[in-house]
Amino acid sequence: MSVIAPKFRLGYFLKGIFDNAFWILTLVTLAGIPTIQIALFLIPLPVINGQLLTAYLAFTWLFNPTMQIPLIKALLYSDLFRIAAFPGFGFAALIAAGTIFVERKMLAKLQLRVGPFYCGKIEGILQLVADGLKLISKEIIIPAKADKPLFWAAPVLFVGTAAAFVALIPVAPGGWVVADLDVGLLAVFAVIGFFPIITILSAWSANSKFPFIGGIRALHQMVSFEIPLILSLLGVVILTGTLNLSEIVESQSSFPWIIFMPIGAIVFFITVLAELERIPFDLPEAESEIVAGWLTEFSGMIYGLVQLGSYLKLYAFAALFVIIFLGGWTGPVFWPPLDVELITEGIPIPNYVGDPILTVTTPGLPLLDKDPNEWVMQQQGELVYTSGQLLVSGVIWFVLKTVGVIFFILLPRGVFPRIRLDMLLHIGWYKLIGLSFVNIFIALGLVYAGVIGPGGIL
Amino acid sequence: MAEQVIPTKKMPPGLQVENVDDRIMTLNVGPQHPGSGHMRIIVKIDGDYIVDADPDPGYVHRGEEKMAESRNYITNIPHLERPVIHDSCNILYPYILGVEDLVGIEVPERAKYVRVIAAELNRCIYIQYWLAIYGIFLGHSTMFMWPTGDRELLIDLMEKITGARVTHAYFIPGGVRNDVPANFEDVCLRQVNYFEKRIKEYADIFYDNPILKARTEDTGVLSREDAIRLGTTGSVLRASGVDYDLRIKEPYDVYDELDVHTNVLKEGDSYARSKIPWLDMLESCNIIRQALEKMPKSGSIRKKLKPNPKGRNDEVYHRVESGRGSAGCHIISREKPEPYRLKLSVSSFRNLIALPYLLKGEKLGNMPAVYWSLNYWPVEADR
Amino acid sequence: MSTSETTPPPKEIPPPKAAPPEKTKPPVPAFEKSYVDQITNQFSDDVEVEYIKENRTRVNVKKEKIAEVAKFIKDNTPFDHAESVTGVDFPEDKEIGVIYHLGSYTDPTYSKQVLALATRVPREENPNPGNDSTKLQSLRDMFYSVEFHEREIFEMLGVYFEGHPDNRRLLLPEDWADLPPLRKDFKNRGR
């Protein structure tokens, strides 16, 4: 009677289970465990309380309440955590997911709709998960005459490049950045330069007309807007005298650079819109002209990867705008750490029977401070990391500012139509480059007039 | 043999078509393309410039004219509105006028006013849909959502009148199918007033948008002489400076008793062509208000018709101004219940001829703006 | 081949059609008559007035003279564009009628007028569109707007228009191998 599994037989069912169990066990034994061993051999293990953290010790400490916080702390301060989770990919992907949700809902409100509504019960908050699952489960169709290695490589390269861009972004004081380079801004320019190459490669490899036109358009657009992008940031470099992004942020502890360089900020914002292919400049994906531009032949998760990469890129550009013009994580600290004297000297409590000196061992948040005496060591210049409170406060300010910039990047989508290629190139080559030179002259003027810069009055 | 009647459009300098075949790329825009509608435009491009465009309609050809020859005058009504279901009253209007002429039946005064109201509401419904697609063709997604949302107002109104949301089949020879509901005047007036307030807001976000203006002004310019020579009609014609609106020039039903104004712009570019329908909607609101005021409050809505009316041995050709332009219906009749030959002379088919002419020498990015500004409805052109 | 025999008789056959409007509507509108007279005066024996009704007139022309008459209308009357072209199949007469509806945008006094310029071409029992006697001069040089209409008539009725730059299919599929579908001997399935 059952129509769900008409040819069901218990023997075959059990055979399937045993088969799977056999193969899983075999593969884990022959491949999985040796891989873990090799990996553990290669990864430098941290030293906690004078003991090298081996795998056995880690499992032991996992159930030891007194050792759990040092264990987690060791994880938090490892390179892997930085690359995968907090300042790196995971954090950026989380903001990117939030961006997609905000974009949909905001655009919907702007257009008198409701947007995603049912998935996840609360305002369609799980819509992105559903879309992701759909993209993963879809077949990846590759054109018959495509250059298959390049066609496969392009989305991966795109995400990789976007993640490399994300890795250069410092998000909190005390070197919370994956790659803290002295030439950080130069590295940013170098990474941005990869995007047109990846785009044109993928467009060419699809061996189709609409992707090709879209790729050519993307190439035109990105190459011609990279010049004003780089030039518009040079003003800040002239004023701060450094290319390190963390130092650029620290130079804005009293005022953000946008006060002195609004022209540069505007030029940079417009070029960011163009580099991101957002709506007034979404010519490479112009739907009504060239189907979906260079994304036409992508399907399934290949398309999903490109979208992920483009939203990572969106986050990275917004963060770059915050770092360069809006002062990064600088802002009022919500909950300042305790005074240094509390640890070193303590406060005498009068009329107290016991020990009259009150001291504390930790000035900030125990989990986020790397060392219990971190604040003291930082005051004495011995530590590069910062205390937990400053970290939390900095991240909150940074995220707030970044979300604000992302909001302004999303907003034109509801307001403007698409512009044309010749108008775009005209804007890029004539207007923006000229304006960014004006910005550079303003910066030079400020330096030579002695207002800001080394030895300036401000 | 055939001398070139239309002067060749001025091409941008440096653009040569001959002997550079390897530079020419042929694009099939459509039938499965988000920027084509139900048709194909075979576009040849040289770089970013279009050197040749060949429209290829017919993907939704349904043989309405052939079908009409085997159905009688009444059963023809529902399927003849299928070419433009969004403008179903107006596309049916010339056919109904023609049948009334052939059968020899007078329409009651109240029915004429109801017809005018329904036709103007339908014009607005069509133009809203057209405008939505024009918005999304230019990448302006808000302009896609707003008209489709505001259009619901009028669709609800039409549903109250006719019982159907889009395919009304409301006009019949001798009047309209059923009477308007009670307190229709108040509801209609309120909704039309609100609708007018809403569509005036479109100017802020769309028609006064500097990017839109920079993009569509001076693109696809159709001069007055060429508009006449190409036989274009409706908004395309009036955007090129020809004052020709059949509601004024050849008033049918009660349009001669109403104060109808027409909108004429001189530029003849895509921007003007896209603005005329919007101005028409504002004018339609005026016409509806006037018609509601002058409409007889009671009276017959329909003249009784013989069950299977036969035409006389004659031919008629009636025209009305639809949402896109002149819609004509040529009926050749014998003394039979079916038309001998029925020809729908629709404006989309007439405006299509301007497309290859306008696209030549334009940039590829202008293609959607020029194409959809022709107020073109592919299904209507295919019939 | 059969052109010379078949064309004169059809000119005598229309009268049953033309008769009823003449007797029912005695007053002939003067304005409409004026411009029709202009055409009949010029081509006295080649054209024949079918009816002159209010705002609508129809003139039947011999098929050899259609281009000439159209050129005269274009040059000497305000009719400047063709609104529609209708093709009609008359199997009893072994003819296919082609009716051009001409209108005027330039002259406001003519804006109500529609002049139907009708002609008939011989009809083949076994049509071979483009290669049989069903041929007509194209009016594209006079009225540019007939271009697509004539293409439609070519595919729908098999009338080949000489002098038309591209007599390709427009609405029908490229591989249509049946009769031209608007002929009366093309039967709708199920009807």
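What follows is a chat about a predicted model of a complex with chains A, B and C.

Colleague: What ipTM and pTM does the predictor give the complex?

Modeller: The ipTM is 0.83 and the pTM is 0.82. Bear in mind that this is a predicted model.

Colleague: Which chains have the most contacts between them?

Modeller: Chains B and C. Two pairs of chains touch, and the B and C pair has the most contacts.

Colleague: And how far apart are the nearest C-alpha atoms of chain A and chain C?

Modeller: They are 23 Å apart. Chain A and chain C do not touch.

Colleague: Back to B and C. How many residues does each chain put into the contact?

Modeller: Chain C gives 33 residues and chain B gives 37. On the chain C side, four elements supply at least two residues each: helix H3 (15-24), strand S3 (81-90), strand S5 (114-122) and helix H6 (147-157).

Colleague: Which of those has the largest share?

Modeller: S3(C), with six residues.

Colleague: What's the class make-up on that side of chain C?

Modeller: The side of chain C that touches chain B has 15 nonpolar residues, nine polar and nine charged.

Colleague: What about confidence in chain C? What's the mean pLDDT?

Modeller: The mean is 78. In chain C, 85% of the residues reach 70 or more. Residues 1-22 of chain C are below 50. That stretch still has 26 contacts in the model beyond near neighbours in sequence.

Colleague: How should low-pLDDT coordinates be read?

Modeller: Not in detail, where pLDDT is low.

Colleague: Switching to the other interface. How many residues of chain B are in contact with chain A?

Modeller: 27 residues of chain B, against 24 residues of chain A. Strand S1 (24-29), helix H5 (141-162), helix H7 (210-216) and helix H14 (367-373) of chain B each give two or more residues to that side.

Colleague: Which one gives the most?

Modeller: H5(B), with five residues. By class, the side of chain B that touches chain A has 14 nonpolar, ten polar and three charged residues.

Colleague: Now chain B itself. What's its secondary structure?

Modeller: Chain B has 15 helices and eight strands. Its C-alpha trace spans about 70 × 50 × 35 Å along the principal axes.

Colleague: How does its radius of gyration sit against a compact globule?

Modeller: It agrees. A compact globule of 383 residues would be near 21 Å, and chain B has 21 Å. Of those 383 residues, 55% count as buried. Among chain B contacts with a separation of 6 or more, 72% join residues 24 or more positions apart.

Colleague: I'm looking at helix H4 of chain B, residues 109-137. What span should it have?

Modeller: 42 Å, because its 29 residues are taken at 1.5 Å each. The end C-alpha atoms are 42 Å apart, so the two agree.

Colleague: Why call H4(B) largely enclosed by the rest of the structure?

Modeller: Because 27 of its 29 residues are buried.

Colleague: What comes just after H4(B)?

Modeller: B:Gly139, which takes a positive phi of about 80 degrees.

Colleague: Last one, chain A. How many helices and strands?

Modeller: 18 helices and four strands. Of its 458 residues, 37% count as buried.

Colleague: Which domains does the assignment give chain A?

Modeller: Domain 1 is 89-333 + 388-448, and domain 2 is 341-379. Their C-alpha centres lie 44 Å apart.

Notes: Residues are numbered from 1 along each chain as its sequence is written. Chains are lettered from A and ligands numbered from 1 in the order in which they are written. This is a predicted model: local features need pLDDT of at least 70, side-chain atom pairs count only at pLDDT 80 or more; totals for chains, interfaces and linings use all residues. Two residues are in contact if their C-beta atoms, placed from the backbone, lie within 7 Å. Ala, Val, Leu, Ile, Met, Phe, Trp, Tyr, Cys and Pro count as nonpolar, Asp, Glu, Lys and Arg as charged, and the others, Gly among them, as polar. The expected span of a helix is 1.5 Å times one less than its number of residues. A residue is buried if 20 or more other C-beta atoms lie within 10 Å of its own, exposed if 12 or fewer, and partly exposed in between; C-beta atoms are placed from the backbone. The radius of gyration is taken over C-alpha atoms; the globule rule is 2.2 Å times the number of residues to the power 0.38. pLDDT is the predictor's confidence in each residue, from 0 to 100. Domain bounds come from an automatic or database domain assignment.
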